[in-house]
Amino acid sequence: MRFGIIGAGPIGSIISKKLVKNGHDVKVADARGIEHLEGKELAGTVVRVEDVMENIEVLIISLPTKAMQSIRNIIDQVGEEVIIVDTSNYYPFRDDKIEEIENGMVESVWVSKQLGRPVIKAFNNLLAYTLENEGTSEESSGRIAMAVAGNDPSQKQVVMDIVYELGFDAVDSGSLSDSWRQQPGTPAYCTELTKDELTEALKKANKEKAPLLRDKVIERFTEKKEVEFSHKDVVNLNRKIYNS
Ligand SMILES: NC(=O)c1ccc[n+]([C@@H]2O[C@H](COP(=O)([O-])OP(=O)(O)OC[C@H]3O[C@@H](n4cnc5c(N)ncnc54)[C@H](OP(=O)(O)O)[C@@H]3O)[C@@H](O)[C@H]2O)c1
């Protein structure tokens with residue numbers, strides 16, 4: 001398939017490498033200018049953001065939430081048939097406070113409003129390390145699953161198939177309005193669950209508690225700045241706090 005990616009942080013870069021490895025055609029752009037991509041470990045063709053939408057089937061946007069408005073003019077030029085995927089998570093300490101999200105608007109619903117387009121939410125509930133290193137073949141037991149939410153069933157299926165191909169089971173987590181169940185602070189968020197476990201975790205999510213639990217995890221990291229958390233430590237902390 002033909003992909004465009006905007007944003008080459010860990011998630012955008014890892015997705016680019018995995019897609020290219022699987023034989024897909026990938027263009028990668030940075031929202032702030034092509035020079036930001038210099039020296040980055042990514043795969044595919046580096047393009048200007050103005051050119052990323054040419055001849056693609058799927059556009060993956062992998063930016064901090066606060067940067068979404070800055071690409072609205074680019075998204076306006078993306079063909080109607082192109083599937084747009086949002087990988088973002090809202091963190092007020094990083095994204096500045098976004099009032100509508102603070103007041104309960106589902107993060108990717110907000111993103112979709114900023115972009116003026118429907119989006120499929122995916123790649124947000126696995127850590128970059130998990131995405132890069134923990135994918136496995138279909139027949140392996142204990143395969144980790146990713147949540148995929150969105151309103152268009154056929155677009156969602158395409159994204160779920162891509163997730164599956166990149167080494168993870170995919171769980172249909174409902175419409176975009178349901179996607180708060182996979183936001184930071186929920187039991188489904190970066191806890192490395194199998195398909196059955198993730199399906200249960202999505203059901204257990206608590207919308208009111210999630211932002212508090214999200215901030216609690218961040219506090220743990222900031223109060224123990226001197227401690228080096230391993231990937232397993234992070235997953236275990238998420239499991240403990242997001243299930244509390
Ligand atoms: N890291 C994870 O484990 C993880 C897991 C799941 C989902 N996510 C979510 O996925 C999204 C991407 O995360 P990430 O960790 O891969 O990378 P990131 O640090 O959020 O950066 C992604 C890209 O956005 C660019 N960027 C940063 N600030 C910007 C701004 N103000 N305007 C325009 N572009 C800006 C970065 O450029 P520079 O590199 O030049 O700064 C980079 O190309 C985020 O919303 C994140 O919450 C992250």
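Among contacts (heavy atoms within 4.5 Å) between residues at least 6 apart in sequence, 68% join residues at least 24 apart. The model behind this is a predicted one, in which local features need pLDDT of at least 70 and side-chain atom pairs count only at pLDDT 80 or more, while totals for chains, interfaces and linings use all residues. Residues are numbered from 1 along each chain as its sequence is written, and side-chain values use heavy atoms, with hydrogens and water left out.

The chain holds 10 helices and 8 strands, counted as DSSP runs numbered from the N terminus (helices H or I, at least four residues; strands E, at least two). With a radius of gyration of 17 Å, close to the 18 Å that the globule rule gives for 244 residues, the chain is as compact as a globular protein of that length; the radius is taken over C-alpha atoms, and the rule is 2.2 Å times the number of residues to the power 0.38. Along the principal axes, the C-alpha atoms fill a box of roughly 45 × 45 × 40 Å.

Zooming in, Leu-115 sits in helix α5, which covers residues 107–115. Leu-115 counts as buried because its relative accessibility is 0%. Setting aside neighbours within four places in sequence, Leu-115 touches Ile-61, Met-68, Ile-71, Arg-72, Ile-75 and Asp-76. As for Ser-70, 45 residues away along the chain, its C-alpha atom is 9.1 Å from that of Leu-115.

Technical notes:
Buried means under 20% relative accessible area, exposed over 50%, partly exposed in between (1.4 Å probe, protein chains only).
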